[in-house]
Amino acid sequence: MGSTSSMLTQYDIEEVQDHCSHAFSQQEIVSLYHRFCQLDRNGGGFVSAEEFMTVPEFAVNPLSQRLLRMLDGLNFKEYVAFLSAFSPHTSLQQKIEFIFRVYDTDCNGKVAFDDILNILRDLTGSFMTEQQRQKVLTHVLEEAGYTKDSNFTLPDFMKVLGNSDLKMEVEVPID
């Protein structure tokens, strides 16, 4: 599985399925492998940030720069594990863990008010003023029992989002 010029074996497919907690069927993994090979333009077995930016849907995503730090240099198994957060077969806890990693930009296990504000800024652009963003975020945090001085850990994210009907799902087209 190191070089994308090789074909996936049944063992490779099962290994990837185990690695991503069976978030994808075998057919979906084969389709994802074909897409990975298309992205891996130099055939080195890894996809760079630049190669990910060739996906139009990714390039226009307001969080693409944040996601790129998680994506740059992924091999196929890591690529599928990353995408598994968007599978309907992935648990809510796994989805929240993924969201936490997006928000935890310095990878210190904590998310501060400014980290969330930066994400909100990326998502809203010029549609909201900075003052509106701060007011909305402060209100949401207070509703959840936190202040703007709070640092959030993964258990805090679980507490806030754990009872939500969070949907982060994409369909994998099967070739």
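Colleague: Is Glu130 buried, partly exposed or exposed?

Modeller: Glu130 is partly exposed, with a relative accessible area of 27%. Buried means under 20% relative accessible area, exposed means over 50%, and partly exposed lies in between (1.4 Å probe, protein chains only). This is a predicted model, where local features need pLDDT of at least 70, side-chain atom pairs count only at pLDDT 80 or more, and totals for chains, interfaces and linings use all residues. Residues are numbered from 1 along each chain as its sequence is written, and side-chain values use heavy atoms, with hydrogens and water left out.

Colleague: What does Glu130 form with Arg133?

Modeller: A salt bridge, with the closest N and O atoms 3.1 Å apart. The term means a side-chain nitrogen of Lys or Arg within 4 Å of a carboxyl oxygen of Asp or Glu. Both residues sit in helix α9 (residues 130-143), three residues apart, so about one helical turn separates them. Helices here are DSSP runs (H or I, at least four residues), numbered from the N terminus. Arg133 is buried, at 6% relative accessible area. Salt bridges with shared partners join Arg121, Glu130 and Arg133 into one network.

Colleague: And how far apart are the closest N and O atoms of Glu130 and Arg121?

Modeller: They are 2.5 Å apart, in a salt bridge. Arg121 is partly exposed, with a relative accessible area of 30%.

Colleague: How many salt bridges does the structure hold?

Modeller: Four. One of them joins the side chains of Asp122 and Arg66, at 2.8 Å from N to O. Asp122 is in helix α8 (residues 113-124) and Arg66 is in helix α5, so this pair ties together parts 56 residues apart in sequence.

Colleague: Is Arg66 buried or exposed?

Modeller: Arg66 is buried, at 13% relative accessible area. Asp122 is partly exposed, at 33%.

Colleague: New topic. Which residues are buried in α6?

Modeller: Phe76, Tyr79, Val80 and Phe82 are buried in α6, which covers residues 76-83. Seen down the helix axis, they fall within an arc of 160°, so they line one face of α6. That arc is taken from the directions from the helix axis to the C-beta atoms.

Colleague: What do they pack against?

Modeller: The buried residues of α6 pack against α1 (10-19), α2 (26-39), α3 (49-52), α5 (64-71) and α7 (92-103). Contact means heavy atoms within 4.5 Å.

Colleague: Last one. Which residue caps the N-terminal end of α6?

Modeller: Asn75 does. One of its side-chain oxygens lies 3.1 Å from the backbone nitrogen of Lys77.

Methods. Helix = DSSP H or I, 4+ residues; strand = E, 2+ residues; numbered from the N terminus. Polar contact = N/O pair within 3.5 Å; in protein donor to acceptor, adjacent residues only side chain to side chain.
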